[in-house]
Amino acid sequence: MHQKPNVWRIGNVTVTRIVEIEIRSSHPDLLFQRLDPEQVRKIGWLQPHYADAFGMLNSSIHAFVIESEGKRIIVDTCVGNDKTRHFPLFNNRKGSFLSLLAEAGFPAESIDTVLCTHLHVDHVGWNTRLFDNRWIPTFPNARYLFGRIEWEYWYQKFLSGEIGNTDAAKILDVTNVMTDSVLPIIEGDLHTLVEIDHHLTSEVSLMSTPGHTPGHVSVAIHSNGKEGIITGDIFHHPIEIEDPDLLCNFDVDSKAAERTRKEFLSAQSDSNVLIFGTHFPSPTAGRIVKHGNSWLFDTTCV
């Protein structure tokens, strides 16, 4: 049950959302191929939270903190500060994410585990912070969990220099991301490479959801008869619940990503599983409901 904004209970587990960036009224082509504003406007349930009256999309970059069995787990660490990025919104940020995290009751030193659902630019940024002109771990007492498949894929990309010249490749910024946000953790031996079914606690485990990236995972919560899932980037926006065939600019394997979305929607629809969209602006949590020949995101029951 929803207790207060950005905090939810799933059985004995608490999930808290910490927002780094709210993105308002972006053109659909930032995220999707061949999606125009008029198509967005026709999907009435997206307004006002997820789209505006002109068919522009609203989204969010945020982290979730899971409290389970005495552990504090932060899932996906957003973009970060002071980092050189090709995408202007991400470049050399001076944001207040760490202060917001502490104000919510989670100072950086209190985090036990950092989990990255995948290794894209907006999911690893606060793995490190700049101190004395070097990148040090933001969460000094945490173990950082990276999927083994995911790490091997991106490390080979980094070594080969195979990053591409498309707009999407520039936004992903593989070389800089690996250099400042992933390799310092690896080199400091602060990481553990985990498999796609890894259990973080008896209540929190990974589930394989490939396509967006080869080793992409979501986070499943089962506690005291209640269930929830943090999606990662199965979905970049709630519109993909209505239309899972959409082509996202940032999916490594678009066919596999589409297949994963459809399987996920079929499996979770009309259930009591609380779904947390990693890029869904508020209201961020809801349930997937069958809607004609498709689905919608129902936040009224949360």
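Strands β13 and β14 pair in the antiparallel sense over five bridges; here two strands count as paired if DSSP finds at least two bridges between them. Helices (H or I, at least four residues) and strands (E, at least two) are DSSP runs, numbered from the N terminus. Together β13 and β14 make a hairpin with two residues between them, and N224 in that turn has a positive phi of about 50°. S223 has K226 in β14 as its bridge partner.

A word on the ground rules: this is a predicted model, in which local features need pLDDT of at least 70 and side-chain atom pairs count only at pLDDT 80 or more, while totals for chains, interfaces and linings use all residues. Residues are numbered from 1 along each chain as its sequence is written, and side-chain values use heavy atoms, with hydrogens and water left out.

Strand β13 (residues 217–223) has six of its seven residues buried, so it is largely enclosed by the rest of the structure. Buried means under 20% relative accessible area, exposed over 50%, and partly exposed in between (1.4 Å probe, protein chains only).

Strands of a sheet pair through backbone hydrogen bonds, either parallel or antiparallel.

Two of the other pairings can be followed residue by residue. Strands β12 and β13 run antiparallel and are joined by five bridges; L206 stands opposite V219 in β13. Strands β16 (residues 274–276) and β17 (residues 285–291) are also antiparallel, joined by two bridges, and I275 stands opposite G286 in β17.

What holds the most contacts inside the largest nonpolar core? I74 and F139 do, within a core of 65 residues. A nonpolar core is a set of buried Ala, Val, Leu, Ile, Met, Phe, Trp, Tyr and Cys residues joined through side-chain atoms within 4.5 Å. Helix α6 (residues 174–187) gives the most to this core, with seven residues. A second, separate core of 21 residues includes W8, I10, V13 and I66.

Not counting residues up to four places away in sequence, I74 touches A63, F64, V65, F97, L101, I111, T113, V114, L115 and F139; contact means heavy atoms within 4.5 Å. In soluble globular proteins, nonpolar side chains tend to be buried together.

I171 lies in helix α5 (residues 167–172) and counts as buried at 15% relative accessibility. Setting aside neighbours within four places in sequence, I171 is in contact with L30, F87, F90, V121 and F250. From I171 to T14 is 157 residues in sequence and 32 Å in space, C-alpha to C-alpha.

H191 sits in strand β11 (residues 191–194) and is buried too, at 15% relative accessibility. With neighbours within four places left out, its contacts are R143, Y144, F146, I185 and I186.

N133 is found in the loop between β8 (128–131) and β9 (134–137), and it is exposed, with a relative accessible area of 77%.

## The whole chain

The protein has eight helices and 18 strands. Its radius of gyration is 18 Å, close to the 19 Å that the globule rule gives for 302 residues, so it is as compact as a globular protein of that length. The radius is taken over C-alpha atoms, and the rule is 2.2 Å times the number of residues to the power 0.38. Along its principal axes the C-alpha trace spans about 55 × 45 × 30 Å.

Buried residues make up 56% of the 302 residues. Of the contacts with a separation of 6 or more, 67% come from residues 24 or more positions apart. The protein exposes about 12,700 Å², with carbon and sulfur atoms supplying 49% of it; accessible areas come from the Shrake-Rupley method with a 1.4 Å probe, and for residues only the protein chains shown count as cover.
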